Amino acid sequence: MSPAERARLCATLGALLTAERLAGSWSVRRLARAAGLDRRTLQRLTAGTMRPREVTLHALASVLAVDDPGPLAARLLAAAGPSLRPNTDGAVRRRRHRAGLALVAGHRPLPADLAERVRLHRTASAARAEAYGLFHRPGALDDPAVLDVICQLLDESRHLHEQAGPSVVIRIGRHEIHAGWAG
């Protein structure tokens, strides 16, 4: 890679990545982990010492602009310009695999609408579990106040599940993330 190409990549792609990373309050390590990249890879891309692949820039855009990564991905691709390396089947497989691992580990953010549904389902499940815990306490069936609390918790759980919509199941390789219940 020529010094001129390095300088151009640093001034275009590197500057854009740094600006987006700082705007989202991402550290280099957290962003790299969430995108399924090595920290050094992100540092090299930012410094302009590495030619990016399209799949890598899409992975970064999907973390930096989780709800609508398309426009940012287009800007990153344009910033890379002629220095963009072609994707290979292996690179695409690795990037998908690493992105899936980052999601399963909780490093990669979910889109806001999906994250809200998962939050509602988890809150509903917690209310339901609390109600069942109260129900199984000795003497719970004989105490009208406890039965009222159980009914309120179950009503709240049912309302939250209805508000959240259908169960959320995210499948990544052999891993599954479940939120919600079918009942």
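What pattern does the protein chain follow, read along the sequence? Some notes on that and a few other things.

1. **Ground rules.** This is a predicted model, where local features need pLDDT of at least 70, side-chain atom pairs count only at pLDDT 80 or more, and totals for chains, interfaces and linings use all residues. Numbering starts from 1 along each chain as its sequence is written, and side-chain values use heavy atoms, with hydrogens and water left out.

2. **Pattern.** The chain reads α-α-α-α-α-α-α-α-β-β along the sequence. That is eight helices and two strands, taken as DSSP runs numbered from the N terminus (H or I, at least four residues, for helices; E, at least two, for strands).

3. **Overall shape.** The radius of gyration of the protein chain is 23 Å, well over the 16 Å that the globule rule gives for 183 residues, so the chain is more spread out than a compact globule. That radius is taken over C-alpha atoms, and the rule is 2.2 Å times the number of residues to the power 0.38. Along the principal axes, the C-alpha atoms fill a box of roughly 80 × 30 × 25 Å.

4. Of the 183 residues, 34% count as buried, i.e. under 20% relative accessible area (1.4 Å probe, protein chains only). Among contacts (heavy atoms within 4.5 Å) with a separation of 6 or more, 66% come from residues 24 or more positions apart.

5. **H7 against H8.** Helix H7 (residues 112-135) packs on helix H8 (residues 144-164) at about 160°, axes 8 Å apart. Axes are lines fitted to C-alpha atoms, for helices over the stretch in contact, and angles run from 0 to 180 degrees between N-to-C directions. H7 and H8 are therefore roughly antiparallel to each other (over 145 degrees). By class, their contact has 14 nonpolar, six polar and four charged residues; Ala, Val, Leu, Ile, Met, Phe, Trp, Tyr, Cys and Pro count as nonpolar, Asp, Glu, Lys and Arg as charged, and the others, Gly among them, as polar.

6. **H2 against H3.** Here helix H2 (residues 28-35) and helix H3 (residues 39-47) pack at about 110°, with axes 8 Å apart. The pair is therefore roughly perpendicular (65 to 115 degrees). Val28, Arg29, Leu31 and Ala32 of H2 meet Arg39, Leu42 and Gln43 of H3, giving four nonpolar, one polar and two charged residues.

7. **Thr56.** This residue sits in helix H4 (residues 54-64). Thr56 is buried, with a relative accessible area of 7%. Leaving out residues up to four places away in sequence, Thr56 touches Leu37, Leu45 and Arg95.

Conventions:
Angles under 35 degrees count as roughly parallel, over 145 as roughly antiparallel, 65 to 115 as roughly perpendicular and the rest as oblique. Buried means under 20% relative accessible area, exposed over 50%, partly exposed in between (1.4 Å probe, protein chains only).
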